[in-house]
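Hi,

Here is the structure I promised to send over. Have a look, and my notes follow below.

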Amino acid sequence: MDEESLFRDIHRHLLKQARTGEHIDTELRLADRFNVSRHYVRRALETLTQMGVVTRTQKRGISFTTPEPEQISKQLESKLKVSGFDPRELSEARQLFDTALLSLTTRRIAPASLGILSETLQQMEGCLEFRGAALKLHQRFWEIIFESAGNRVLQVFANSLLINAMNTLENHMDDLTPEWYSDMLSCDREVLQALRQNNLDDAQRVVSNWLTQAFDFD
């Protein structure tokens, strides 16, 4: 058995044990189960640990973890970062994910989340000339929207695209005009208003228009 196949088999096996509530196998037990040396099992477990899938302690042994959506998003974003995708391709992907999530957020967002979005906008308005801070607040604004959709699978992918987009924008931060930042704020303000009014069409239209031109800075 090659190492890649062993890694997949160990991952599936540990996941099954975690789901069924079984006691997680030790490193020695895994080596016996898959008929390989502990060296190869240890390498597979080290990779799973780096991925945040399992944790290993001397007293507790191996335990399965459930990564938060933000952790998974960052892992996906790191892969997107080295992929060399054109920013406009990522913008198109964001349009699809963002508008899809808005359809859920419009129905599910809680009043408390609307209040947090409003506070985030107020902070953004107060520091628009500080470009890095404004971009971070814009990112936070959309992370709240994605979380409010109540679908963690969509949230993971949407966040990974958002993080990648924000990294791109931060790299061009000084190339963006003051009008660009004002348009960003206007977009977020109109989206919040549409969410308050339960107006999905307006929310989707605003974000789609914004993303169509947001990356036209080359």
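Predicted model: local features only at pLDDT ≥ 70, side-chain atom pairs only at ≥ 80, totals over all residues.

Cys127 comes out as buried, because its relative accessibility is 12%, and Cys187 is buried too, at 4%. Buried here is under 20% relative accessible area, exposed is over 50%, and partly exposed lies in between (1.4 Å probe, protein chains only). As for disulfides (a pair of cysteine sulfur atoms within 2.5 Å), the structure has zero.

Residues are numbered from 1 along each chain as its sequence is written, and side-chain values use heavy atoms, with hydrogens and water left out.

Now α1 and α2. Helices are DSSP runs (H or I, at least four residues), numbered from the N terminus. Helix α1 (residues 3-20) packs against helix α2 (residues 27-34) at about 120 degrees, and their axes are 12 Å apart. That angle makes α1 oblique to α2. Axes are lines fitted to C-alpha atoms over the stretch in contact, with angles running from 0 to 180 degrees between N-to-C directions; oblique is what remains after under 35 (roughly parallel), over 145 (roughly antiparallel) and 65 to 115 degrees (roughly perpendicular).

Then there's Val41, in helix α3 (residues 38-50). Val41 is buried, because its relative accessibility is 0%. Leaving aside residues up to four places away in sequence, Val41 touches Leu6, Ile10, Glu27, Leu30, Ala31 and Val36, where contact means heavy atoms within 4.5 Å.

Cheers

Note on methods:
Helix = DSSP H or I, 4+ residues; strand = E, 2+ residues; numbered from the N terminus.
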